[in-house]
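I opened this entry to record what I looked up in the model. The sequence and structure are placed below for reference.

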Amino acid sequence: MSNLVKRYNLWAFYLILICLGVAFYSLYSNIKNTWLISPPNYILFIISVLAFILGIKGLKDKRNWRTKTRSWLTVTLSSLLSIALFLALLFTLFFSSFGSNDPIKTVSSPDNSYTIDFYRWDAGAAGTFGVRGELNGPLWFKKRIYYEKRTENVNVEWKSNNEVSINNRILKLNEGETFGY
């Protein structure tokens, strides 16, 4: 048995564990409104498909019961996660056509340490409309800090480098304050 097949088995297992952890953290961060540090779902889908392919190649490793179990666990988990992420991508693609999600403006703090993107969203007949503000972090990291229903405009005024007034609601960004959740 080649050393490469052994590596496929192990790397596929590690890859799917990382992918599962990141996917569950993405779900948690959306529910609890914490920093969204996970990459977009299509990246997670590609990683899970890669883990599936490596897991299939790793099935040739039959040294002992642990490697066999690890291979089957990897193939099972990666196929389930790939299906779930594919459905999430289809759901997002299909339902993003309903309503709108339009950028309004981007503002930066006086010292440029914070950048907030504001979006106007409208669920159409299926829901309501409003304004959402997302604080930008490094890479693709984002955190929703402002969410107000039934408003179309956003007035932003920086009180200091760490305090911002959004529609007359003051948020201290260095303390992690949010509005509307």
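I looked first for nonpolar surface patches (residues with over 30% relative accessible area and no salt bridge, nonpolar side chains being joined within 5 Å). I found that I83, F86, L87, L90 and L93 form such a patch, with about 500 Å² of accessible area together. Areas here follow the Shrake-Rupley method with a 1.4 Å probe, and a salt bridge is a Lys or Arg side-chain nitrogen within 4 Å of an Asp or Glu carboxyl oxygen. I placed L87 in helix 3 (residues 65-95); helices are DSSP runs of H or I with at least four residues, strands runs of E with at least two.

I noted that the model is predicted, with local features requiring pLDDT of at least 70 and side-chain atom pairs pLDDT 80 or more, while totals for chains, interfaces and linings use all residues. Numbering starts from 1 along each chain, and side-chain values use heavy atoms without hydrogens or water.

I then turned to the nonpolar cores (buried nonpolar residues joined through side-chain atoms within 4.5 Å), buried meaning under 20% relative accessible area. The largest has 14 residues, and W158 is among those with the most contacts inside it. Strands 2, 3, 4 and 6 each supply at least two of its residues. Apart from it I recorded another core of eight residues, including C19 and L85.

For the overall layout, I listed three helices and seven strands, in the order α-α-α-β-β-β-β-β-β-β from the N terminus. The C-alpha atoms fill a box of roughly 65 × 40 × 20 Å along the principal axes.

Definitions and conventions:
Patches are made of residues with over 30% relative accessible area and no salt bridge: like charges are joined within 9 Å, nonpolar side chains (Val, Leu, Ile, Met, Phe, Trp, Tyr) within 5 Å. Buried means under 20% relative accessible area, exposed over 50%, partly exposed in between (1.4 Å probe, protein chains only).
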